[in-house]
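Biologist: I'm new to this one. Could you walk me through how to read it?

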Amino acid sequence: MTALTAARDLFTDLTGSAPDGIWSAPGRVNLIGEHTDYNEGFVLPFAIQHRTYAAVGLRADDRIRVTSSFAHLTVDCALADLDRMFPVESQGADRDVPEWSAYVLGIAWALRALRPDAVTPGVDIAIASDVPVGAGLSSSAAIEGSVASALNDLWSLGLDPVTLAQVGRRAENEAVGAPTGIMDQMASMLGRPDAATFLDCRTLETRSVPTRFTAEHLELLVIDTQVTHAHSTGGYRERRASCELGAELLGIRSLRDADTSDLPRAAELMDDVTFRRVRHILTENQRVLDTVAALTEQGPRAIGDLLVASHASMRDDFEISVPELDLAVETALAHGAIGARMTGGGFGGAAIALIEHDAVASVSDAVAQAFADAGFTAPNIFTVHPSEGPRRDA
Ligand code: GLA
């Protein structure tokens with residue numbers, strides 16, 4: 001059964017009738033530019049073909065009911081209750097609804113907060129997805145994008161994609177309590193077939209950069225290590241704090257206001273760990289710019305070294321890789337990958353490898369064998385291609 005059909009069936013089970021419509025939004029993979037988004041830097045992600053579907057229907061009252069294929073549980077409350085529920089005060093700790101539903105309820109809350117004068121009747125929402133959860137492919141941004149698009153239409157809000165991306169980020173930061181940046185929502189909302197989205201996270205200006213993978217007979221392989229991560233806790237928050245400390249010690253608003261020429265000064269101003277966190281961000285911003293230039297001027301075969309350098313920086317300076325991610329990258333490179341790196345927030349999730357079209361089976365087999373030899377859980381390996389942003393499917 002497709003995720004679209006699953007969403008429709010879930011909706012019918014919940015309400016006994018057909019939805020007013022079905023909307024979907026894609027997950028994303030990040031080609032390069034990791035942890036730069038909340039430092040107001042540069043990223044180069046693209047939306048992937050895996051999508052989340054939201055079957056939605058208006059209600060005659062003011063309640064919001066949400067169900068999903070993630071959990072056999074329906075969350076039901078009055079829309080007005082969301083204002084008491086969110087924003088979460090202590091970073092998610094006092095949220096009393098399941099996390100998956102907070103993404104959905106958070107979108108309704110953030111939209112109503114943005115447009116308090118709009119007429120927003122109650123809704124029933126059923127969610128199903130084929131974006132792998134916990135793989136670093138932004139299953140959360142896909143939920144946010146599908147629900148935001150549905151409510152934008154059904155509540156006649158007329159909001160543009162960038163505003164809907166900001167609504168998604170607000171839901172994630174304040175309703176779910178995950179301190180993430182804007183990359184995932186922008187990548188999902190602005191997805192286009194055959195192009196990555198070069199995003200300046202300070203100005204939110206974007207430019208489509210053709211990847212030309214297919215024309216060059218290349219594939220982007222995703223190696224989902226099955227090691228799960230949670231951004232609302234732990235390492236992600238700590239990395240963010242280190243970056244803020246680094247900016248403060250440099251006397252700047254954010255690390256965007258520095259570049260690699262500031263590294264000698266940074267080395268004198270801060271402890272070794274903070275310095276290495278800062279060095280990752282400053283060099284990664286430069287690598288994004290270099291990748292955009294290489295893709296544009298020379299094509300995708302020219303970006304391999306930049307991907308490899310990005311991985312080394314995340315492994316050694318930012319320290320967000322795990323042995324499974326390192327093994328995936330090393331094995332792919334040893335079997336002919338043009339470039340490879342971990343992608344997403346880190347501490348688990350997926351690696352990507354840019355490989356020849358003809359090498360999909362050999363690289364996949366080599367990685368699977370290496371994981372078996374190391375005693376790691378078998379990885380989930382598949383190819384992704386740049387795909388379109390949100391759409392109404394039915
Ligand atoms: C997660 C966050 C993004 C970004 C990446 C790291 O995916 O949701 O905002 O910070 O990690 O680049």
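Biologist: Where does the ligand sit?

Modeller: First, this is a predicted model, where local features need pLDDT of at least 70, side-chain atom pairs count only at pLDDT 80 or more, and totals for chains, interfaces and linings use all residues. Residues are numbered from 1 along each chain as its sequence is written, and side-chain values use heavy atoms, leaving out hydrogens and water. A cavity is a set of points, on a 1 Å grid over the protein atoms alone, where a 1.4 Å probe fits but cannot get out; lining residues have an atom within 4 Å of a point. A molecule sits in one if more than half of its atoms lie within 2 Å of its grid points. Here, the ligand sits in the largest cavity.

Biologist: What volume does the largest cavity have?

Modeller: A volume is the space filled by probe spheres set on the points, which are joined across faces, edges and corners. For the largest cavity that's about 110 Å³. Its lining has 13 residues, with R28, D37, M183, D184 and Y236 nearest the centre.

Biologist: Which polar atoms lie by the ligand's oxygen atoms?

Modeller: Look for polar contacts, here pairs of N or O atoms within 3.5 Å. A polar side-chain atom of Y236 is 2.5 Å from a ligand oxygen, a side-chain N or O of E34 is 2.7 Å from one, and a backbone N or O of G181 is 2.9 Å from one.

Biologist: Why does the ligand lie between the domains?

Modeller: Domain bounds come from an automatic or database assignment. Domain 1 (3-208) and domain 2 (212-384) both give residues to the shell around the ligand, so the ligand lies between them.

How values were computed:
A polar contact is a pair of N or O atoms within 3.5 Å; within protein, one must be able to donate a hydrogen and the other to accept it, and residues adjacent in sequence count only if both atoms are side-chain atoms. On a 1 Å grid over the protein atoms alone, a cavity is a set of points where a 1.4 Å probe fits but cannot get out, and a pocket is an open set with protein on both sides within 12 Å along at least five of seven lines; lining residues have an atom within 4 Å of a point.
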